Amino acid sequence: SHWYHPQPLPLLCSKNKNSTTMKISATALALASLTGLCYSFTTTNTGSLKIRPASTTAILSATVEEAATYADPSRYLSDHPKNNVPPHIAALVGRGLHTRPDHPIGIIRAKIQEYFASLPNEYIVYDAEDPIVTTTQCFDDLRIAPDHPGRSPSDTYYLDDSTLLRTHTSAHQSEHLRSGVDCFLCAGDVYRRDEIDSSHYPAFHQLEAVKLFPKEDMAGADGLSGEDWENSAECKVIADDLKKTLEGLMDHLFGETEKKWSEDYFPFTTPSYELEIKYEGEWLEVLGCGVVHEEVLEMADRADRRGWAFGLGLERLAMILFEIPDIRLFWSDDDRFHSQFKEGQITKFKSYSKYPPVLKDIAFWIPEGFEENDFFELGRGIAGDLVERMELIDEFTNPKKGKTSKCYRITYRSMDRSLTNEEIDALQDELRERVLDLGVEVR
């Protein structure tokens, strides 16, 4: 259902034989608009126009018509008993912040693609994949166990029993490997139910990359698996190349900086690593990565190949580099935010206002199996982006009743106006009423 052009796209314009004037077709312009990339134009001796991305060597994206359908909330809302996508989440899908050239998320994505375009390998770019994926794509193909908490409806937005809003861009990894691609980048919006504070939001953006090595370079490890493979010289070659590539990326984004590697665990890579950088005197975790697990490659019909993969959060990097204090700002329509940023430039965000917060507390006895994320999602659904933070401030267990009470403080704050006690009281009253649906007993 998706198409890509590893070669320049021909015949997207016409040329008058008696004139040097080019008439660029709407298809060509729509392609450039959809992907948010810069293109170089060259003519052939047959009079056709070839279009090549200036910042990458290849492009892979959805059609204009397909991408437009992503912003239709009706795709994600239904009365299916397993559907837990609320309207406020459905309204976020398809915004395409990562493809906007003058948006902080789009600027970071473009800079990462710029770096990979400078490397010897050609990386195909996927930046408009359908956010609806299957449980097989999102979990099974990546060796994520059936009982993994990430599969829980308290963590993931399901459309039905077998389809969901992707929780990571890795959900597309196996299909692209299966198609025969050896090196690619994949960027997009992802969705997870999560806590509510200035650095967490249920919709955010990721970018990941995969690189497979030529068979001849790995010939010495033929037949090796498990620890034998992990201890081989060939596996070390891949790990070293991965680290060198990512250290170069960090220097490209942050300038030359001190780096620190540590071992980590991901079900889809082994060995796995975490990269930290020292930025303005502090150590910051920036990404996870590793050598692609043999079973992942086998399930993608690429058992004869070896390679590496990494993934990073674009919001995290943008908040650091642009000094943006609240993740909600990325989704703002306020011109005071957007007017501060220009394509290709990293500029420090200047706060334009700080309206006073309104604090409200709510306490209740929790039932067995209470999921905190369900409560957070309820609060977000009622108050939207007026909720700045929901934090647990007190918890105790009554030994006689054998019941546990939790008290949460909710910080309401608008980014563009002052809130009134009356409107927040109404929201808080609705929360106190609807939280009963979670089986709690309000105190």
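These are my notebook entries on one predicted protein model.

**Entry 1: ground rules.** The model is predicted, and I kept local features at pLDDT of at least 70 and side-chain atom pairs at pLDDT 80 or more, while totals for chains, interfaces and linings use all residues. I number residues from 1 along each chain as its sequence is written, and side-chain values use heavy atoms, with hydrogens and water left out.

**Entry 2: the whole chain.** I looked up the secondary structure and got 13 helices and 19 strands. Here helices (H or I, at least four residues) and strands (E, at least two) are DSSP runs, numbered from the N terminus. The protein chain has 443 residues, of which 50% are buried. I take buried as under 20% relative accessible area, exposed as over 50% and partly exposed as in between, with a 1.4 Å probe and protein chains only. Among contacts (heavy atoms within 4.5 Å) with a separation of 6 or more, 66% join residues 24 or more positions apart.

**Entry 3: cysteines.** How many disulfides does the whole structure hold? My search returned 0, with a disulfide taken as a pair of cysteine sulfur atoms within 2.5 Å. I also checked burial: Cys-186 counts as buried because its relative accessibility is 1%. Cys-407 is buried too, at 14% relative accessibility.

**Entry 4: helix 4.** Helix 4 covers residues 104–117, 14 residues in total. From first C-alpha to last I get 20 Å, close to the 20 Å expected at 1.5 Å a residue; the expected span is 1.5 Å times one less than the number of residues. The buried ones include Pro-104, Arg-109, Lys-111, Gln-113 and Phe-116.

**Entry 5: strand 14.** I then turned to strand 14, residues 282–292. Because 8 of its 11 residues are buried, strand 14 is largely enclosed by the rest of the structure. I count two strands as paired if DSSP finds at least two bridges between them. Strand 13 (residues 269–279) runs antiparallel to strand 14, with 9 bridges between them. Lys-278 is opposite Trp-283 in strand 14. The hairpin of strand 13 and strand 14 has 2 residues between the strands, and Glu-280 there takes a positive phi near 50°. Strand 15 (residues 306–313) is also antiparallel to strand 14, joined by 4 bridges. Gly-311 in strand 15 is the bridge partner of Gly-288.
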